[in-house]
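Thanks for joining. Let me put the structure up, and then we'll walk through it.

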Amino acid sequence: MELTKEQRIEMYWMMLLARRLDERAWVLHRQGKIAFHISGIGQEAAQVGAAFALNRGEDWVTPYYRDLALMICLGYTPREFVLSLMGKQGEPSSGGRQMPSHWSLRRANAVSHSAPVATQACHAAGIALAMKMQKKDQVVLTTIGEGSTSQGEWYEAVNWAAVHQLPVIFLVENNQYAISVPQEKQMAVRSSADKACGLGLEGLTVDGTDPYKVYEVVARAAEKARSGNGPTVIEARMYRITPHSSDDDDRTYRSREEVEEHKQRDPILVVRSRLEQEGLLTPEQVEGMEARAREMVDDAVQFATQAPYPNVEEGTYPVYAEEVRHD
Amino acid sequence: MTEMTLIEAIRQAMDEEMARDPNVFIVGEDVGIRGGVFRATVGLFDKYGADRVIDSPLAELSIVGVGIGAALYGMKPICEIQFSDFIYPAYNQIISEAAKMCYRSNGEWTVPMVIRAPYGGGIGGGLYHSQSPEAMFAQVPGLKVVIPSNPYDAKGLLKSAVRDPNPVIFFEPKKGYRLIKGEVPEGEFTVPIGPARISRAGTDVSVFAYGMMHYYALQAAEKVAAEGISVEVVDLRTLYPVDRETILASVQRTGKALIVHEANLTGGYGAEVAATIAEGAFTDLDAPVRRLCGPDVPGVPFSHPLQDWFMPNPEKISSAIRELARY
Ligand SMILES: Cc1ncc(C[n+]2csc(CCOP(=O)(O)OP(=O)(O)O)c2C)c(N)n1
Ligand SMILES: [Mg+2]
């Protein structure tokens, strides 16, 4: 369970790649090249930490819209992401049917989710129920924002998992806001993990800006789940550095000073300087990573820009499983 | 051939499908040791065990949501909603998730599941144990909506529903559970989802109905036959997708159409049948299309005279047929 040096560096690389890709999406939006972006900036550390704690490709994930870094760790490519930003043909999550960042990646056991928040939590419980029935050695990770844990769907899912001791990890990415609404208007507990005790399972809170701490906590929860000891709620605390989405103006509800303060503690900067201090990375190596990320993002944008849109005829199917086309 | 009741046919279908396919399982409230409040699952708990006949928490949303998750993993859940009146907490999961999963993921994910729900009035159930919400589901692409009217169809259609790779909503006319009896052949058979069935051939008036109202329509047809009116009765059976050919062909033969359902009139399923006829058989019509439906009040009232006022019955159907025949 101890992370190797290589893994720790790899985790930083995943955070960095997701960040640069995410930043490019904002640029594309400002340039009028895409219609919408919803960002994971500030949440990469927790997502990467959680992803690395999984047996990726074997374990299942029911993600939510801020999980770009998580999806990258599962093998979702920058090209695929920019295809989805532009609604281009062959985009693997939905073939251009869903808004960007509504993930699905069958090859990675990452399940399609919708826009109504918290719906994915019950699916995670159901997948885990099936795993248990089939005596599989797998776990499910499901992610959600802290605001969305107010939904009955989330409580029902956690309750099911607790009653049946299902192998689920409920990861709450607490970025302190649900659009404009702060945590204290969302819940009376200090951490959404505290809700777990009312439902009879373990709840843990972790610094979500530290990928290695998140890794540790999620890895332990995964081991527990795999050995038949049931689900865990984990709240990872972080800050949503960007507005809610490209349609939001966060100046209407929070101060610039507050946002600036959190930018100073941006996990990308913190993890980088930590790795440099520990002698695991040199500034030159980081420069190399930056160059590689830039190259991949440029390539993705170029690739997606040239890619065709779906034919209108593609909009007619597949409403039913019988209409699924395999090509 | 064995004579059996509607509910026995439903139970037998589930039993046979569970014996055939180890991935089939039942989940719902009181379905286990109690065998369901209507006793649809009696004996299955003893035969297949608590792992395959699961007493869920009292929460419809997660009965369906967890079912969806299990279906995504490759299981085949039969979710029982105790009364269709209590299906609304699960509406989000049915509409936003089950119905849209295949389309939104471009066929990467499908949801093979059955949702069984007893529906209908005339049983002294008042507003919340009598509802017929089929129209709210029969306008949702991605779902299949089935309502059997007799034991043979109930068994054959339910077996088809279990084998269908899509989410199927299976509404069962609960007043008919023990009232409606019929011959069911020994051994393996299925009834395809999709086609309507001409259950009585006739030349003067077509009556379109399903479920309990189809049972009454046959009685009404018999009654007016003695008066020299020849009625063709069409059992719609699958409400969605719509079997437009059978509807139009019948109107082409008779020139007159009566649609009967116990759900309220406005926006009900009859409106779709009427529109189908107006679009496709306008020149064949010898009289205006007539709908005999529950009145536009929020539910079936409890008090006996009020319930009788609400419910269509063989007498009311006979009168409507006579009026149409005279036109
Ligand atoms: C059921 C539902 N209601 C409202 C919305 C609109 N909406 C989208 S995201 C959001 C806030 C979610 O906040 P949180 O759960 O904290 O996640 P975050 O966006 O902060 O990551 C809202 C209200 C929605 N998508 N679904
Ligand atoms: Mg939030």
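This is a predicted model: local features need pLDDT of at least 70, side-chain atom pairs count only at pLDDT 80 or more; totals for chains, interfaces and linings use all residues.

In total, 16 residues surround ligand 1. The closest are Y64(A), Y65(A), R66(A), S148(A) and Y177(A).

Y64(A) has a side-chain N or O atom 2.7 Å from an oxygen atom of ligand 1. The backbone takes part too. G147(A) places a backbone N or O atom 2.9 Å from an oxygen of the ligand. For G145(A), again with a backbone N or O atom, the distance is 3.5 Å. As for cover, ligand 1 on its own has 580 Å² of accessible area, and the protein covers 72% of that.

Next, the interface. Interface size is often quoted as the accessible area lost when the parts come together. Here, chain B and chain A bury about 3,500 Å² between them. Carbon and sulfur atoms account for 63% of that area. By residue count, 43 residues of chain B contact 44 of chain A.

What about charge pairs? The count between the two chains is 1 salt bridge. The side chains of E322(A) and K144(B) meet in a salt bridge, at 2.9 Å from N to O.

β2, α3, α4 and α5 of chain B each supply at least two residues of the side that touches chain A. α3(B), spanning 60-72, gives the most, with 9 residues. By class, that side of chain B has 23 nonpolar, 14 polar and 6 charged residues.

Last topic: backbone geometry. Most peptide bonds are trans, and most residues other than glycine have a negative phi. Some places to check, then. The bond from Y317(A) to P318(A) is cis, with omega near -10°. P318(A) sits in the segment after α11 of chain A. In chain B, the bond from Y240(B) to P241(B) is cis, with omega near 0°. P241(B) is in the loop between β12 and α9 of that chain. And N109(A), not a glycine, has a positive phi of about 55°. Find N109(A) in the loop between α4 and α5 of chain A.

Conventions. Residues are numbered from 1 along each chain as its sequence is written. Chains are lettered from A and ligands numbered from 1 in the order in which they are written. Side-chain values use heavy atoms; hydrogens and water are left out. A residue is near a molecule or strand if one of its heavy atoms lies within 4 Å of it. A polar contact is a pair of N or O atoms within 3.5 Å; within protein, one must be able to donate a hydrogen and the other to accept it, and residues adjacent in sequence count only if both atoms are side-chain atoms. Accessible areas come from the Shrake-Rupley method with a 1.4 Å probe; for residues, only the protein chains shown count as cover. Contact means heavy atoms within 4.5 Å. Buried area is the accessible area (1.4 Å probe) that two parts lose on being put together, summed over both. A salt bridge is a side-chain nitrogen of Lys or Arg within 4 Å of a carboxyl oxygen of Asp or Glu. Helices (H or I, at least four residues) and strands (E, at least two) are DSSP runs, numbered from the N terminus. Ala, Val, Leu, Ile, Met, Phe, Trp, Tyr, Cys and Pro count as nonpolar, Asp, Glu, Lys and Arg as charged, and the others, Gly among them, as polar.
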